[in-house]
Amino acid sequence: QGQLVESGGGLVQAGGSLRLSCAASGTVFSINYMAWYRQAPGKPRELVASITSGGRTDYADAVEGRFTISGDNTKNSVFLQMNSLKPEDTAIYYCYALQTKYGYPETIWGQGTQVTVSS
């Protein structure tokens with residue numbers, strides 16, 4: 001059973017930076033797409049940034065220009081560099097992967113890592 005393990009969350013002051021990491025472990029099949037989601041208290045989970053196996057990236061408007069997603073296909077890993085952090089970026093950040101297992105798409109979620117930005 002494949003799983004995603006995140007690291008890099010923490011407490012930072014507004015204007016600071018954090019780098020989140022996520023690596024797949026266990027039995028993992030062909031991963032075509034990885035992304036970062038976040039969920040703030042009382043709000044629905046939202047897509048922050050995504051990257052395909054071909055390197056195409058996409059960002060939510062709220063983080064465009066401040067966050068950068070990157071990946072390492074050889075290690076089934078994805079990273080999120082977060083700069084110029086704002087208090088509204090405070091949330092639990094979840095890693096997400098879409099793999100093709102025996103010809104069918106299957107999603108994998110990480111356990112989440114807390115990011116807290118103080119004003």
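**Exercise 1. Find how many bridges join β7 to β8, and what lies between them.**

Step 1. β7 and β8 run antiparallel and are joined by 6 bridges. Strands here are DSSP runs of E, at least two residues long, while helices are runs of H or I of at least four residues, all numbered from the N terminus. Two strands pair if DSSP finds at least two bridges between them.

Before going on, a word on the ground rules. This is a predicted model, so to speak of local features we need pLDDT of at least 70, and side-chain atom pairs count only at pLDDT 80 or more, though totals for chains, interfaces and linings use all residues. Residues are numbered from 1 along each chain as its sequence is written, and side-chain values use heavy atoms, with hydrogens and water left out.

**Exercise 2. Why is β8 called largely enclosed?**

Step 1. Buried means under 20% relative accessible area, exposed means over 50%, and partly exposed is in between (1.4 Å probe, protein chains only).

Step 2. β8 is largely enclosed by the rest of the structure because 5 of its 6 residues are buried.

Step 3. Take serine 77 in β8: its relative accessibility is 9%, so it counts as buried. A polar atom of its side chain lies 3.1 Å from the backbone oxygen of lysine 75.

Step 4. Leaving aside neighbours within four places in sequence, serine 77 is in contact (heavy atoms within 4.5 Å) with residues including Cys22, Met34 and Ser70.

**Exercise 3. Track down the disulfide: which cysteines does it join?**

Step 1. Searching the whole structure turns up 1 disulfide, meaning a pair of cysteine sulfur atoms within 2.5 Å.

Step 2. Cysteine 22 is joined to cysteine 95, S to S 2.0 Å. The pair links distant parts of the chain, with cysteine 22 in strand β3 and cysteine 95 in strand β9, 73 residues apart.

Step 3. About the S-S bond the angle is -85 degrees, and the link is left-handed.

Step 4. Now check burial: cysteine 22 has a relative accessible area of 1%, so it is buried, and cysteine 95 is buried too, at 0%.

Step 5. Look around cysteine 95, in β9 (residues 91-101). Beyond its neighbours within four places in sequence, its contacts include Leu4, Trp36, Val78 and Trp109. Glutamine 111 is 16 residues away in sequence and 7.8 Å away in space, C-alpha to C-alpha.

Definitions and conventions. Polar contact = N/O pair within 3.5 Å; in protein donor to acceptor, adjacent residues only side chain to side chain.
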